Amino acid sequence: MRYCINCCIHLLPNDLHRQCFRCRGPDHNNQKCPVCRGENKIPLYTDSKQMKWLAVLEVRTDHCESWNGLFCLRKGKLCSLMFGLIIMTLVMVSYILTGAKHGLLLLPSPFHYGAFASNPSLMDNESLSDMKDHYQPSKMNISYVKDYPSIKLIIDTITSKIEFITRQRPDLEELRKQEPHMFSVIPNKFLPNSKNPCWYEEYRGNTTTDPYATNSYALYSKRFRIIFDYLRKVFWNHLYHYKDKHYRLRCLPHFYIIGQPKCGTTDLYDRLRLHPDVRFSAIKEPHWWTRKRFGIIRLRDGFHDRYPVEDYLDLFDLAAHQIQSVLQSEAGKERGKRNNIIIGEASASTMWDNNAWIFFYDNSTEGEPPFLIQDFIHAFQPNAKLIIMLRDPVERLYSDYLYFASANKSAEDFHEKVAESLQLFEGCVLDFSLRACAYNNTLNNAMPVRLQVGLYVVYLLDWLTVFSKDQILVLRLEDHASNMRYTMHMVFQFLDLGPLSEKQEALITKSPASNTRRPEDRSLGPMLPTTKAILRDFYRPFNTKLAQVLLDDAFLWKRT
């Protein structure tokens, strides 16, 4: 290839320098032009060495002769780059396909979800409140089937730490010291002619006083204001006048549906309230014993003012008015006849949620709550009746996830949340008792799914330390769904309710099920088989103990 030394224009092989318009001018003479004659070649200095410039310019590269100058160089580099990318892509595809085929790709990392292998030394100087920061899950695409062996090690560690130790009940004086106002409001004796626990309380307000002006349920929730507006209108009509004083009838529930969430408590509530002798609180789930009396509306929102016991009792005023009407109408006619109307309350958190204790009671029992909800209920109502509806804890957890998760719901996401929650629970039982972990607020808020709610036997045993076994009716949702008439008869018998007409019974037992899975959640399908196997292993020792306590192998949930 040749170039003109004056203007560096590329000359074709047979070009006689006629393309060099700078050299060729009107007076150009090929014989006199030193360039055209090849004389007086100009030396070029490169790296301190003298080179012949024309020698450099006259080097031929035959494979680029069809390209022009710099464009030739750029096009060559571009082709090389594209060729290299193609080779790299082919190599990566080959690796991925080969690795997946032979099980070499995406092996579960020992650092997945933090560190699967527990390290007690990491927890030595760590409090429960630090656990969420200690275990930070890593987000990665994993093979869920290959997750099982690593998670099984976690479950084996948890199982080895399970001990069902009977708790010590606090005495009555200790309870009085913790809640003196509650004990000053609720008496220790109730009206003898009422099946439901009720008493008369002196009302010191006047006709211009709004008895519900400060009720926290009415202040914080708009949907309850209609109920309280009605109660204001009829309040004065239901006061009992005696010796120039005004009295109002106050009532507590006769029975509590105490759990568990996503186990059919709403359906049971909706059917029971159709019975002519059953009334419920103005709202289905007041959550007063577990949350509102501590000022908790949503724990993530912090604490509000504590709801006093009077606000809770206001929720039963509608039922109290009906009981009072029965008592007054029978007083002048048949003094020996009792009121048979009973009141129920259906907060599904009552059985298991003691998370607020750590903020209000001294921790003198190595992480275990010194007082539980049942201690206070029993102190006021030693004859209370308790109904528990349970469900296969594996299915309960998935239903709970679908109901409460707000976005990105999927079987894969559920699997990852289960794995992370198991790791957090393992970290707790390595240093604390099973009871401490079941009731620990920090741990329970850190877990992405509520594993602890399915530890039924842990909570049931604690309720059995204060209530006798014949005061607690435990049902299974699976039985309720398959034979509703039978389970409702069990409930009626347990509550000692009167007989029903065929029409009333048909209305109660044949109405559609309540609070079923939402259509958008059904489309997500079931949980992954691997996730189900993991949860079966986790809940197995707890279900085994539950079946032993209840003397019923149906609570093993082997066939579900």
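**Helix packing and local backbone features**

Asp 244 lies in the loop between strand E6 (240–242) and E7. Its phi is near 65 degrees, a positive value in a residue other than glycine. The model is predicted: local features need pLDDT of at least 70, side-chain atom pairs count only at pLDDT 80 or more, and totals for chains, interfaces and linings use all residues. Residues are numbered from 1 along each chain as its sequence is written, and side-chain values use heavy atoms, leaving out hydrogens and water. Helices (H or I, at least four residues) and strands (E, at least two) are DSSP runs, numbered from the N terminus.

**Backbone**

- Most residues other than glycine have a negative phi, and most peptide bonds are trans.
- A cis peptide bond runs from Gly 259 to Gln 260, with omega near -5 degrees.
- Gln 260 sits in the loop between strand E8 (255–259) and H10.
- Helix H24 (residues 529–550) bends by about 45 degrees at Arg 540, and a proline, Pro 541, follows within four residues. The bend at a residue is the angle between axes fitted to the seven residues ending there and the seven starting there.
- Leu 551 follows H24 and has a positive phi, near 55 degrees.

**H15 with H16**

- The axes of helix H15 (residues 393–404) and helix H16 (residues 411–429) come within 11 Å and cross at roughly 115 degrees. Axes are lines fitted to C-alpha atoms, for helices over the stretch in contact, and angles run from 0 to 180 degrees between N-to-C directions.
- H15 and H16 are therefore roughly perpendicular to each other. Angles of 65 to 115 degrees count as roughly perpendicular, under 35 as roughly parallel, over 145 as roughly antiparallel and the rest as oblique.
- H15 passes H16 in a right-handed crossing. A crossing is right-handed if the near helix is turned clockwise from the far one by less than a right angle, and left-handed if anticlockwise.
- Leu 397, Tyr 398 and Tyr 401 in H15 meet Ala 411, Asp 413, Phe 414, Lys 417 and Val 418 in H16; contact means heavy atoms within 4.5 Å.
- Six residues of the contact of H15 with H16 are nonpolar, none polar and two charged. Ala, Val, Leu, Ile, Met, Phe, Trp, Tyr, Cys and Pro count as nonpolar, Asp, Glu, Lys and Arg as charged, and the others, Gly among them, as polar.

**H16 with H24**

- H16 and H24 pack at about 25 degrees, with axes 10 Å apart.
- H16 and H24 are therefore roughly parallel.
- The crossing of H16 past H24 is left-handed.
- From H16, Phe 414, His 415, Val 418, Leu 422 and Phe 425 meet Thr 530, Thr 531, Ile 534, Leu 535 and Phe 538 in H24.
- This contact of H16 with H24 has seven nonpolar, three polar and no charged residues.

**H10 with H21**

- The axes of helix H10 (residues 265–272) and helix H21 (residues 484–494) come within 12 Å and cross at roughly 70 degrees.
- That makes H10 roughly perpendicular to H21.
- H10 passes H21 in a right-handed crossing.
- Asp 267, Leu 268, Arg 271 and Leu 272 in H10 meet Met 484, Met 488, Val 491 and Phe 492 in H21.

**Salt bridges**

- The structure holds 27 salt bridges, each a side-chain nitrogen of Lys or Arg within 4 Å of a carboxyl oxygen of Asp or Glu.
- One of them joins Asp 314 to Arg 248, with the closest N and O atoms 3.3 Å apart.
- This pair links distant parts of the chain: Asp 314 is in helix H11 (residues 309–314) and Arg 248 in strand E7 (residues 245–251), 66 residues apart.
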